[in-house]
Amino acid sequence: MQQQYCSHHRSPLHFFLCPLLILKAQKEEMDVPRPAFKCFDDDGRPKRSGTVWTASAHILTAVIGSGVLSLAWAIAQLGWIAGPAVMFLFSFVTYYSTTLLSDCYRTGDPVSGKRNYTYMDAVQSILGGFRFKICGLMQFLNLFGTTIGYTIASSISMMAIKRSNCFHESGGKNPCHMSSNPYMIMFGVTEILLSTIKDFDQIWWLSTVAAIMSFTYSSIGLALGIIQVAANGVFKGSLTGISIGAVTQTQKIWRTFQALGDIAFAYSYSVVLIEIQDTVRSPPAESKTMKNATRISIAVTTTFYMLCGCMGYAAFGDAAPGNLLTGFGFYNPFWLLDVANAAIVVHLVGAYQVFAQPIFAFVEKQAAARFPDSDLVSKEFEIRFPGVRSPYKVNVFRTVFRSCFVVLTTVISMLMPFFNDVVGILGALAFWPLTVYFPVEMYIKQRKVERWSMKWVCLQMLSCGCLVVTVVAGVGSVVGVMLDLKVYKPFKTTY
């Protein structure tokens with residue numbers, strides 16, 4: 001038995017995606033004997049083997065994703081001065097807040113205190129009460145919104161493949177306008193089928209595929225930007241961003257605010273930091289390893305984001321598309337564009353389930369607790385298929401609820417298919433409360449920072465400043481949705 005647990009290994013990329021943001025993570029200790037101290041950590045779980053390099057890899061894989069696609073548009077709104085400056089500011093705030101959060105992995109003593117396995121565990125253990133419930137609500141809103149954003153992004157990518165091929169076949173003469181609705185429905189049907197697979201997000205190879213896909217389309221976007229700049233022979237753009245005339249002064253203001261939300265979304269990974277830290281071995285203290293890993297990953301991420309955003313802006317200037325790959329700014333090489341968009345679709349098909357599964361788990365757990373004797377809620381019905389040895393187990397409530405959830409997110413996506421606006425709202429929703437407020441408050445309580453001391457005042461000023469950024473980014477994104485809705489006919493928009 002001990003040897004079996006000693007040889008237990010988890011997929012190296014499992015943690016960045018799989019247990020993402022479950023409201024109340026399972027806290028049951030493993031029922032294993034403790035005498036074999038070489039095989040187990042102080043909490044009785046199999047000994048962790050993560051290092052600063054594996055933790056850095058997890059963070060990089062978690063943070064680099066679809067958010068990179070809107071960075072060129074964001075910098076185009078801010079210009080060559082404010083754009084990179086804001087990106088550096090967000091990277092600094094994210095780095096600092098995650099160093100605070102890393103000190104909250106253990107409650108009490110930083111070396112021997114009780115471990116917190118997830119972000120929510122840390123909030124409940126250190127802050128508890130009302131703030132724990134608010135944190136859960138914010139996480140679920142973020143999860144729900146992200147599934148909508150992924151539905152929009154994947155449908156636009158599928159449509160971009162079709163438009164790219166159409167444009168190529170017509171020699172650039174056909175504008176190839178088409179509706180995104182069929183592609184959203186196609187994506188929704190796929191997610192309904194996948195959602196019937198219990199614990200789909202725990203499939204070991206899922207996170208590996210997602211990591212490969214996200215780096216693929218991000219790298220292609222960067223490469224295409226460099227190619228376009230070389231073809232232009234000049235760096236486009238201006239110091240102050242998109243000029244008045246191309247947009248009105250009011251639109252300039254709202255777009256600037258929305259750009260803040262887009263950049264914030266690209267850096268949102270704090271909610272999985274504790275889970276990544278739970279893979280790190282000790283000694284040295286997990287917090288020390290995690291701070292080093294954060295420093296490395298933030299430096300690499302910021303460099304990569306700066307290259308993608310700035311090269312995209314340099315390539316297209318004020319006309320930088322809202323989604324670098326699907327804004328149809330690149331016509332050739334069209335096959336490479338197709339590969340990038342296909343990678344986005346593959347990534348988001350799995351990522352949708354990863355973000356939806358925590359909601360599924362929470363609702364189904366609540367339903368089972370409230371209706372323990374209901375066969376519709378708790379009973380598994382077996383369906384046998386010819387040639388298949390094991391029967392397929394179906395739960396009525398699980399199937400109906402998950403299908404309704406996917407239908408709801410698909411309908412909302414069809415009503416508001418605005419990628420940049422949705423990304424801005426998601427970035428604003430997650431930035432202050434999840435990236436700044438809760439880490440700051442947990443750190444203050446954990447380290448017993450004295451009220452009105454210099455450190456306490458500085459931390460509160462940081463939190464208040466980020467709150468202002470969240471508010472203006474949220475307002476800008478909501479206004480963007482409202483402006484789009486004025487000229488949008490539900491279910492009838494074509495691209």
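## A helix residue in a nonpolar patch

Leu137 lies in helix 6 (residues 129-169); helices (H or I, at least four residues) are DSSP runs numbered from the N terminus. This is a predicted model, in which local features need pLDDT of at least 70, side-chain atom pairs count only at pLDDT 80 or more, and totals for chains, interfaces and linings use all residues. Residues are numbered from 1 along each chain as its sequence is written, and side-chain values use heavy atoms, with hydrogens and water left out.

Leu137 has a relative accessible area of 48% and is partly exposed, a class that falls between buried (under 20%) and exposed (over 50%), with a 1.4 Å probe and protein chains only. Together with Phe130, Ile134 and Leu141, Leu137 forms a nonpolar surface patch of about 380 Å² of accessible area.

## The loop between helices 15 and 16

Lys448 is located in the loop between helix 15 (419-446) and helix 16 (454-486). Although Lys448 is not a glycine, its phi is positive, about 55°. Lys448 is exposed, at 72% relative accessible area.

Trp452 is also placed in the loop between helix 15 and helix 16. Trp452, likewise not a glycine, has a positive phi of about 70°, and it is exposed with a relative accessible area of 64%.

Leu239 belongs to the loop between helix 8 (206-232) and helix 9 (249-266). Its relative accessibility of 54% makes Leu239 exposed.

Leu239 touches Leu78, Gly79, Trp80 and Ile81, not counting residues up to four places away in sequence; contact means heavy atoms within 4.5 Å. Leu239 and Gly83 are 156 residues apart in sequence, and their C-alpha atoms are 9.1 Å apart in space.

Technical notes
Patch = residues over 30% accessible without salt bridge, like charges linked within 9 Å, V, L, I, M, F, W, Y side chains within 5 Å. Areas by Shrake-Rupley, 256 points an atom, 1.4 Å probe, with all protein chains shown as cover. Salt bridge = Lys/Arg side-chain N within 4 Å of Asp/Glu carboxyl O. Helix = DSSP H or I, 4+ residues; strand = E, 2+ residues; numbered from the N terminus.
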